[in-house]
Amino acid sequence: MDPGQLIIFLLKAVAVVLAVMTLAGYTVLAERKVAGWIQGRTGPNRTALPILGAIPVVGTFLRRLGVFQPLADVGKFLFKEEPFPGHVNKLYYLLAPALAFIPAMTTVTVLPFGQHDGAPLVLANLDIGILFILAVSSLGVYGIILGGWASNSKYPFLGGVRSSAQMISYELALGLSILPVFLWTGGTLNLHAVVQEQTHVWFLFVQPLSALIFLVALFAETNRMPFDMPEAETELVAGYNTEYGAFGFGLFFLAEYTHIIIGSGVFTVLFLGGWNLWLPFPEGIFGAVLSVLVFLAKVLCLVFFFIWVRWTLPRFRYDQIMNLGWRILLPLALANLIFYAIAIAVIDRVL
Amino acid sequence: MSRESQISIGDVVQRTAQFEEELHGERMTINIGPSHPATHGVLRLKVELDGEVVTRCEPVVGYLHRGDEKIAENMTYNQFIPYTDRLDYIGPIHNNVTFSLAAEKLASLEVPPRCQAIRVICCELARLQSHLLGLGVYGMDTGAMTVFMYTFTEREKIYSLMEMLTGARFTTSYTRIGGVARDVPEGWLGKVLAFLDGLEPVVEEIDQMLTRNRIFCDRTIGCGVISREDAISYGLTGPNLRASGVALDLRRDRPYSGYERYEFDVPIGSRGDCYDRWLVRMEEVRQSISIIRQAVEKMPEGLWYNDEARKIYVPPKSKVLTSMEELIQNFMLVTEGPQLPEGEVYFEAENPKGLLGFYIVSKGGGVPYRLKIRSPSFCNLSILPKLLKGVMVADIPVILGSLDFVLGECDR
């Protein structure tokens, strides 16, 4: 690989990472705005940038929309003093947020998010894309466990323990639920191939049960309501990140929202046909941009769904989550897998 | 072979026993509160955990102790009314009414029907205030944030009504011994009705959001069961007692302030679990709405104070400034307080949280000799050590939320 290519590749990577981080920041804003909308309040509408906010109509509109709020939040996270509780192990305490954040950002690399003249727009078009995503994203739990452990405090400890149990329970259902998809595509684990397979029919309609199990497991894996055991603010104060402040907390926060975006992205790729819209995209850069926009729109709809569920449903209890994971989702996912294995074999014979 | 490595069967048994003990692991003691999102104030629970299961729980109260009972001995009856605001500060105006009724019972004083009706409206508005917050935070404790916002928005409207009526949103201090501070302002009753019209759809919405929600049902049904016998022996009162199947409601059983004039049902639960406590409160909200409607409809004309109680109720300002007798009356009342006879009296009323009782010992004059407050929250909390034993950590907020206590009243 010559240096020029390397630089271009690095720039691409930085661009994607920045885009995802911005998206995560604005997902936080969306969460607050949608929460406000659901609860009959306004949400953040005060922050304004000095010059942009002063533009007569547009500035006021943007301010009311809360567009500048994430900037203020990031500024606050960056410049606040990093508090060190006296009772923590500093190395692990600092390592935990990074461990939570890195896997979340790493999964972005293999996620195709558009097409350019038939070729996928992706940082690394791995043949084992989905395996990579499953492997790396499940590493994120170590950050949470370590955060709970390193805090050397009781509430974070309980949060960390809950998190590990929950992650292990739902990882199985998550993995099993998507196997039928890859059986259908003929054994390839490449995500781009999955998207191409859905040019005409989304897998959501072919395998609704797989999609449902995957979605539920996704909620559990991203620690979202109604599965937000590790945080459970009325029980564990703030769960694993109780002892964190400033940027450490910011990283945990960002990791959580990145997980949601990546999770939605994976769901879109696997079940919502990626960027497919039943219409061929025009050639050239215009088609590429269009496909990315379609993909983003689908992802954002899912993110909205995540937010909607959070502000509507109550929270499960710890043992109920375990019950749901082991006694309902896992057998269901197994039955689903067997059903589609047989169905696909029969279809192959017949056709 | 050294001597140490020879192991007898007895040793093996002993070491297995040791090993088993180690297997059980340590128990963790954790403090929930006094500053914790689930404790609704400054309740502190010393909880011993075996994993996620509570093995022992010891509630520690008193972080909000202000010595209200002692303070009462140093001031006149009317001066103590603002202190009653701070007992159950979720529905303050009901405490005003209960205290005034207790003092009036001591003086064997009757208030005119209009005053009684105003007080009933106040009491039921306080019940709405309290139950709306109780239901909202209960929802929040199970994780449903939105219900809390809906109920809180409605509570805010009650505050505005209170502001119109009493001049203060929060600390109402509206009643006086022998009446209420002033008549209802013009148009206020209409606003109350308008508020009730807006409240009903919200109650329905909350009902739709949570009452039949599968997760909510799973969390609350069979959780924190208080048997009928336990509820009685621990002295539980109010919705918590009724949820356990005991139909005790002083508004119906020992009517005061003219409650006998209104028709309402007393909802009771069948299992005494958290879900029943939710249902009982939901139904009580509906009953309160109906009582206020009836009270507004039947609102009698007349005075809002007993004008024969010259040594107890301060005369109207217009008369004080024009008539000698009223001027002297005013002077005496302001300097020495309402003159209540000697005696002892205990009066309790059906507050939103349970039976709030005032035991007043009077040696005559304007100042109580001793005043004891029977606070429902304190008694309701006494069942916690029994109730929380064996539940999971996640059940603690749900059970606390379902008991709906307030520490201002518990600690006094």
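Buried area is the accessible area, found with a 1.4 Å probe, that two parts lose on being put together, summed over both. The size of an interface is often given in this way, as the accessible area lost when the parts come together. In this predicted model, local features need pLDDT of at least 70, side-chain atom pairs count only at pLDDT 80 or more, and totals for chains, interfaces and linings use all residues. Residues are numbered from 1 along each chain as its sequence is written, chains are lettered from A and ligands numbered from 1 in the order in which they are written, and side-chain values use heavy atoms, with hydrogens and water left out.

Chain A and chain B bury about 2600 Å² between them. Carbon and sulfur atoms give 62% of that area. The contact (heavy atoms within 4.5 Å) takes 25 residues from chain A and 33 residues from chain B. Nine residue pairs, both at pLDDT 80 or more, are in polar contact across the interface. A polar contact is a pair of N or O atoms within 3.5 Å; within protein, one must be able to donate a hydrogen and the other to accept it, and residues adjacent in sequence count only if both atoms are side-chain atoms.

On the side of chain A that touches chain B, helices H1 (3-39), H7 (154-184), H11 (233-236) and H14 (318-350) of chain A each supply at least two residues. Helices (H or I, at least four residues) and strands (E, at least two) are DSSP runs, numbered from the N terminus. The largest share, five residues, comes from H7(A).

Two salt bridges join chain A and chain B. A salt bridge is a side-chain nitrogen of Lys or Arg within 4 Å of a carboxyl oxygen of Asp or Glu. One salt bridge is between A:Arg162 and B:Glu52, at 2.6 Å from N to O. Over all chains, the count comes to 38 salt bridges.

Within chain B, B:Arg56 forms a salt bridge with B:Glu48 at 3.8 Å. B:Arg56 also pairs with B:Glu58, at 3.9 Å. B:Arg56 is partly exposed at 41% relative accessibility, whereas B:Glu48 is buried at 18%. Buried means under 20% relative accessible area, exposed over 50%, and partly exposed in between (1.4 Å probe, protein chains only).

B:Arg370 and B:Glu69 form another salt bridge, at 3.6 Å. B:Arg370 lies in strand E8 (residues 370-374) and B:Glu69 in helix H2 (residues 68-72) of chain B, so the pair ties together parts 301 residues apart in sequence.
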